[in-house]
Amino acid sequence: MITESQRIASILSNDLYKSNLKSIEEAESDRIFCKHDMEHFDDVIKIASHMAKQNHSKVNSEWIYAAGLLHDIGRGREYTDGTPHDEASVEIARVILKEAGFRSYERLIILNAIRHHRNKTPRFLLNRERSLRSILNKADKLSRKCYECKAADLCYWPMEKRNREDYFEDR
Ligand SMILES: [Fe+2]
Ligand SMILES: [Fe+2]
C-alpha cells in the first residue's frame, strides 16, 4: 500500500500490526471463504473512500485508512482463543493507533467504527450515512464478492447480508 501519510505508514510498520497480520495469514492459509488480508483491507479502504466522497462526508481520509487497515486485525486472536474479532481488533488497534500518533478524540471515532463494523448502524444515529461507523460497515460487506464466490453454499453469512445486486436497497 502506497501512502503519503506518516501516521498510516506508522500503522503499516508497527510490529504489533505485522505480527497480528502474520497470525491471520497463517491461520487462513487453507481458508476457502473470504480472507482477512491486505487485499481485503485495501478493497474496504477504496470503497469506503468512494462512499465518503459520494455522501459528502467530512470523515477524515486517514481515519478511513486506519479503520480499513485495523478493523479485522483481531481475526488471528479469534482463531486462537475464540475472542470475537471485533473486540480483539479494538484492543489491538487501541495500542497501534496511539503509537501511530492518533489523538484521543480520533482514536474514539476509529475504535467505535471498528467495534461496530459487523453491525448495521441504527437509524437514530445522526448523520449515519456519513459516519465512519456506517461507511466502514457498508464498505466491508460491499468488498466481498459473494456473487462469484465458490464457497457460497457453505458460507455462514445469511443471504440478506451477502453482497448481491440488490445490496443498496435499504441496507
Ligand atoms: Fe470483520
Ligand atoms: Fe472486513
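**Exercise 1. Find which residue coordinates both iron ions, and how far apart the ions are.**

Step 1. In this predicted model, the iron ion (ligand 2) and the iron ion (ligand 1) are separated by 3.7 Å. D72 coordinates both. A donor is an N, O or S atom within 2.8 Å of the metal (3.2 Å for Na, K and Ca); water is not among the atoms, so sites may look incomplete.

Step 2. Local features need pLDDT of at least 70 and side-chain atom pairs count only at pLDDT 80 or more, while totals for chains, interfaces and linings use all residues. Residues are numbered from 1 along each chain as its sequence is written, chains are lettered from A and ligands numbered from 1 in the order in which they are written, and side-chain values use heavy atoms, with hydrogens and water left out.

**Exercise 2. Describe the site of the iron ion (ligand 2).**

Step 1. List the donors: H40 (NE2), H71 (NE2), D72 (OD) and D140 (OD) coordinate the iron ion (ligand 2) at 2.2 Å. Their sequence spacing is H-x30-H-D-x67-D.

Step 2. H71 sits in the loop between α4 (61–70) and α5 (75–81), and D140 in helix α8 (residues 132–142), 69 residues apart, so the pair links distant parts of the chain. Helices here are DSSP runs (H or I, at least four residues; strands are E, at least two), numbered from the N terminus.

Step 3. Check the angles. Those among the 4 donor atoms range from 83 to 178°, and the site is irregular. Tetrahedral would need all four-donor angles between 85 and 135 degrees; square planar (four donors) or octahedral (six) would need opposite donors over 155 degrees apart and all others between 65 and 115; anything else is irregular.

Step 4. Check burial (under 20% relative accessible area is buried, over 50% exposed, in between partly exposed; 1.4 Å probe, protein chains only). H71 has 0% relative accessibility and therefore counts as buried. D140, at 12%, is buried too.

**Exercise 3. Do likewise for the iron ion (ligand 1).**

Step 1. Its protein donors are D72 (OD), H85 (NE2) and H117 (NE2), 2.1 to 2.2 Å away. Along the chain they follow D-x12-H-x31-H.

Step 2. H85 belongs to helix α6 and H117 to the loop between α7 and α8, 32 residues apart. H85 and H117 are both buried.

**Exercise 4. Explain why α4 is described as largely enclosed.**

Step 1. Count: 8 of the 10 residues of α4 are buried, so the helix is largely enclosed by the rest of the structure. The buried ones are E62, W63, I64, A66, A67, G68, L69 and L70.

Step 2. Identify the cover, which includes α1, α2, α3, α6, α7 and α8.

Step 3. Turn to F102. Apart from neighbours within four places in sequence, F102 has contacts (heavy atoms within 4.5 Å) that include E62, W63 and A66, as well as I11 and L97.

**Exercise 5. Determine how α1 and α2 are oriented to each other.**

Step 1. The two helices pack at about 50°, with axes 5 Å apart. Axes are lines fitted to C-alpha atoms, for helices over the stretch in contact, and angles run from 0 to 180 degrees between N-to-C directions.

Step 2. Contact residues are I11, L12 and S13 of α1, and D15, Y17 and K18 of α2.

Definitions and conventions: Angles under 35 degrees count as roughly parallel, over 145 as roughly antiparallel, 65 to 115 as roughly perpendicular and the rest as oblique.
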